[in-house]
Amino acid sequence: MNNQEFVETIISLGSNIERERHLPEAIRLLRRHRRIEVREVSRFFESAPVGGPADAPEFFNAAMVACTDLAPEELRTELRRIESVLGRVRTDDRNAPRTIDIDIAYYGGVVAEFDDWQLPDPAAATSPHVAIPIADVAPMFVDPVSGKTTYDLMLGVSASAEAVKPVTAIRLAQPYDSRGPEEFDQAGDVYAPALEAIVRAQLLEIGENPDREGLVRTPLRVSKALDFLTNGYATSLSEVVNNAVFDAEGADEMVLVKDVEFYSMCEHHMLPFFGKAAVAYIPRGKIIGLSKVARVVDLYARRLQVQERLTNQVADAISKILEPRGVGVVIEGQHLCMMMRGVQKQDSSTITSAMRGNFKEDPRTRSEFIDLVRG
Ligand code: ZN
């Protein structure tokens with residue numbers, strides 16, 4: 001994603017059908033969206049339904065700050081798509097119970113009228129169940145219509161807000177963080193309900209008791225770990241590189257970054273393989289920050305992979321970003337699926353390489369690279 005086009009948005013969410021499942025799942029799908037970067041999620045709030053039948057179930061409401069390069073209508077289309085994935089059927093009855101409701105409350109400072117909606121969402125300034133979660137997650141955000149902060153708007157509507165109360169039993173994991181899965185281990189925590197249900201079924205299927213003490217929170221932990229270990233799917237190359245390409249006129253010496261540790265999972269068994277990568281290139285006017293090379297490796301390692309493809313993807317990514325004279329990538333990996341099943345000796349490893357440009361065409365460049373990697 002390109003920084004210039006990145007817009008900060010506030011998205012509001014609500015659910016009153018299987019809300020414990022649908023609201024976290026909606027947040028997870030938004031986190032996984034390639035062009036939406038969730039920055040922060042509010043607490044969950046419980047609110048009485050507005051209008052509709054007297055016995056309608058109460059809502060869970062939340063709000064999030066998310067950045068995107070999608071235009072307002074495109075973002076709205078994507079939110080509608082996620083709603084339909086979660087079983088939302090829109091009807092003429094605005095007050096009908098719903099699995100999930102996802103709306104754009106603010107799109108930067110944009111004030112605009114569309115066919116049947118507007119920005120900002122008027123509910124952000126008038127409805128407690130929208131205003132309170134927004135003030136929880138982004139209290140200093142300034143409403144472009146009134147010039148007031150969302151915190152002040154919330155105070156303005158909170159007189160009628162007795163029916164909105166925070167839900168403390170359900171706490172959501174903080175948005176995806178590249179530092180890794182934090183310990184997240186309290187009763188009532190919810191992360192990815194659909195995934196957790198599958199892990200629980202898996203435990204049953206192998207003859208375990210998912211309700212015994214040591215396993216009660218295992219589905220949550222596994223979901224969080226799996227989400228982290230595959231977050232390469234939810235990250236783009238341009239987001240990783242993000243302005244770290246520099247002009248370097250005259251630089252024509254080989255640049256080598258070696259011993260780049262990586263951890264991946266084989267796509268055949270979903271078991272880890274791990275090792276070290278060496279990435280080299282000969283620039284043609286452009287270089288990249290050294291730490292970014294490791295992040296490019298992570299971007300492709302954190303997916304279900306085979307080592308050969310990982311090696312090629314890293315080489316192609318460096319070629320694409322830098323258009324260098326040549327690229328060489330060597331990866332040495334140990335595969336737990338082989339080691340644990342005794343297919344391979346404990347100390348043996350698999351070496352793969354990918355050569356592009358003059359690394360491929362010029363044997364001297366290639367052997368210089370290989371010597372440097374070994375040395
Ligand atoms: Zn395998």
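**Close-up views of a predicted model**

In this predicted model, residues 24 or more positions apart account for 69% of the contacts in the chain that have a separation of 6 or more. The chain contains 13 helices and 15 strands, and buried residues make up 49% of its 375 residues.

**View 1. The largest nonpolar core, with 31 residues, including Leu237, Tyr300 and Leu310.** Those three residues touch the most other members of the core, and the elements that give two or more residues to this core are helices H8, H9 and H10 together with strands E10, E11 and E14. Helix H10 gives the most, with seven residues. Leaving aside residues up to four places away in sequence, Tyr300 touches Leu237, Gln305, Leu310, Gln313, Val314 and Ala317. Apart from this core lies another, of 26 residues, among them Ala26, Val41, Ala66 and Leu79.

**View 2. The aromatic pair of Tyr263 and Phe274.** The count of aromatic pairs comes to six; in this one the ring centres are 5.9 Å apart and the planes lie at 20°, so the pair is stacked. Because Tyr263 lies in strand E10 and Phe274 in strand E11, the pair ties together parts that are 11 residues apart in sequence. Phe274 counts as partly exposed, at 25% relative accessibility.

**View 3. The aromatic pair of Phe359 and Phe369.** Here the ring centres are 5.5 Å apart and the planes lie at 75°, so the pair is edge-to-face. Phe359 belongs to helix H12 and Phe369 to helix H13, 10 residues apart, and both Phe359 and Phe369 are buried.

**View 4. Arg19 and the ring of Phe60.** The charged end of Arg19 sits over the ring of Phe60, at 3.8 Å from the ring centre.

Notes
Residues numbered from 1 in each chain as written. Predicted model: local features only at pLDDT ≥ 70, side-chain atom pairs only at ≥ 80, totals over all residues. Heavy atoms only, no water. Core = buried A, V, L, I, M, F, W, Y, C linked by side-chain atoms within 4.5 Å. Buried < 20%, exposed > 50% of the residue type's maximum accessible area, 1.4 Å probe, protein only. Helix = DSSP H or I, 4+ residues; strand = E, 2+ residues; numbered from the N terminus. Contact = heavy atoms within 4.5 Å. Phe/Tyr/Trp six-rings, centres within 6.5 Å; stacked < 30°, edge-to-face > 60°. Lys NZ or Arg CZ within 6 Å of the ring centre and 35° of its normal.
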